[in-house]
Amino acid sequence: MQADRETLRKIAHLARLEFNPDSEKEMLDSVNEILTWVEKLNEIDTTHVEPLTHMSEEVNVMREDIAKPPLPHDRALLNAPKKDADYFRVPKVIE
Amino acid sequence: MKTYYSLKQITDDLREGNVSCKKLVEHYLFTIKNKAHLNAFLEVYDKEALDRAQEIDHKIAQGKQGRLAGMVIGLKDVLCYQDHRLQAGSKILDGFVSQFTATAVQRLIDEDAIIIGRQNCDEFAMGSSNENSAFGPVLNDADTTRVPGGSSGGSAVAVQAGMCLASIGSDTGGSVRQPAAFCGIIGLKPTYSRISRYGLIAYASSFDTIGILATSIEDTALLLEIMSGKDDFDSTVSHTEVPPYSQKLSISNKLKVAYIRETIDSEGIQESIRNGILKKIDFLKSEGHQVEAVDLPLLDYLLPTYYILITAESSSNLSRYDGVKYGFRSPQSNTLEHMYKYTRTQGFGEEVKRRIMLGTFVLSASYYDAYYTKAQKVRRIIKEKTDELLAMYDFVILPTTPSTAFRIGEHTANPLEMYLADLFTVQANVVGIPAISIPNGYDENGLPIGLQVMTNYFGEERLLAFSKYLMEN
């Protein structure tokens, strides 16, 4: 599988990234080189193998449903690039 | 002041009145300043560390000190420490201040460890040379034209160069062990889920572990003992009982040890590293332990499996950096979409973008099964084969790295070349078992060599005991 420019642009949009024509070519080349390399996995027969999706042996840990103090409002907003007294501020979405 | 290599040496001198915590901190601060060119620290908490030292000296005078009194520790720039800055070596977290303290870090502070500063690392822990940091590369103190390894490069160099006694890093594919090997110190990656990750910046969540960089097995064991165990804030952490690791560091029985033939026969491995491990094998045999070569035909599939899964997980984890809640926001944020795109495009470095792109690709609807599910299946095969091996042997020994520290800029042109630096370390993360890198001599250029030991899940107790035995012989 080789990704083309159009695929790269689609993926970049999904990842909310942007590449200019020069960096696009560079990214495309390295992504394709890595994809070719990882395709080595196709040499392994996995027909009857279940995917391994959880690494921890732990099962659900239950606790009493007791309310504890959450992160205080001012602390949560501490690092916001733009905020008011109550909310994170972003560019206007609705006209 | 004399150089200390273990907390025990410090504790003895504290008791005798030969040193104080204040003098210790002053000494480390002096070394940090003196070796500032290595670029190991991003921020030094000098005043705070000195205040804390005096407070602990006072506790010592009253006999009320914690178990880590006298230990000065540095934190990799991926661990939250309340009211201190944190940015994962990235521009995108410019100005970020932690709102809370990581559980592992809090446990160290509760035992009177002194936190001396925040250490440079590859951006979001993605790298094997510490050249991917937004704050420039870290230099290896053994040879400043060479890399310290990565991603916990600053943390390894800080211990190597005597800027602190120990560092806390993170290991997703070798990020503690590989720099430990390049810098001639100990690096431990515990069993997956052994230490709570609350307050660790997430990279690849089914691989990430907090790890320890130190100069003695005793300190490594004590730090592990203190940081491990259940935590109300991390539902993935193990509830398995935490043994008193630091109390049980001797081995008495004959052991069964395997070494992986492919890791020694491989042409890519440096001669002095091969000789170093063969010497250890001869020693173990001469002591009456059973040492056998085993085959691991899956070796070539470890890195591809690893890279598919970690890029997928990191593309998801790093979606939170969007310019809304914290850190950098692009000045060109006139619409919401532009804000997301320009913030991320301008805030992330090249390698991080590459991994986000690859991860988004392997998770996208058309390619999900061919790449992501395929890698999860191969991961199961690798785990089963490793489990079989560890059911037959107490330990597996192998080189930590194929080469000693390479030159700055040597592998930056080609990402794949750089990825190969993790060839021998990723298995432990793919499977979730504990692994350690211990010093094993020097190569012909005087560069440190690391020897890696892996063992079964939650086998840290015997892993540390065996490592101590290997280091003493």
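**Conventions.** Angles between axes under 35 degrees count as roughly parallel, over 145 as roughly antiparallel, 65 to 115 as roughly perpendicular and the rest as oblique. This is a predicted model, in which local features need pLDDT of at least 70 and side-chain atom pairs count only at pLDDT 80 or more, while totals for chains, interfaces and linings use all residues. Residues are numbered from 1 along each chain as its sequence is written, chains are lettered from A in the order in which they are written, and side-chain values use heavy atoms, with hydrogens and water left out.

**View 1. Helix 1 and helix 2 of chain A are roughly perpendicular to each other.** The axes of helix 1 (residues 5-14) and helix 2 of chain A come within 10 Å and cross at roughly 100 degrees; axes are lines fitted to C-alpha atoms, for helices over the stretch in contact, and angles run from 0 to 180 degrees between N-to-C directions. Helices are DSSP runs (H or I, at least four residues), numbered from the N terminus. Arg5(A), Leu8(A) and Arg9(A) of helix 1 meet Pro21(A), Glu24(A), Lys25(A), Met27(A) and Leu28(A) of helix 2, where contact means heavy atoms within 4.5 Å. By class, four of these residues are nonpolar, none is polar and four are charged (Ala, Val, Leu, Ile, Met, Phe, Trp, Tyr, Cys and Pro count as nonpolar, Asp, Glu, Lys and Arg as charged, and the others, Gly among them, as polar).

**View 2. Helix 2 of chain A and helix 12 of chain B are oblique to each other.** The axes of helix 2 (residues 21-38) of chain A and helix 12 (residues 350-363) of chain B cross at roughly 55 degrees and come within 10 Å. From chain A the contact involves Met27(A), Ser30(A), Val31(A), Ile34(A) and Leu35(A), and from chain B Glu350(B), Lys353(B), Arg354(B), Met357(B), Leu358(B) and Phe361(B).

**View 3. Ile73(B), Phe124(B) and Phe466(B) touch the most other members of the largest nonpolar core, which has 170 residues.** Such a core is a set of buried Ala, Val, Leu, Ile, Met, Phe, Trp, Tyr and Cys residues joined through side-chain atoms within 4.5 Å, buried meaning under 20% relative accessible area, exposed over 50% and partly exposed in between (1.4 Å probe, protein chains only). Helix 10 (residues 299-317) of chain B gives the most to this core, with ten residues.

**View 4. Gln106(B) lies in helix 4 (residues 103-110) of chain B.** Gln106(B) is partly exposed, at a relative accessible area of 31%.

Notes. Helix = DSSP H or I, 4+ residues; strand = E, 2+ residues; numbered from the N terminus.
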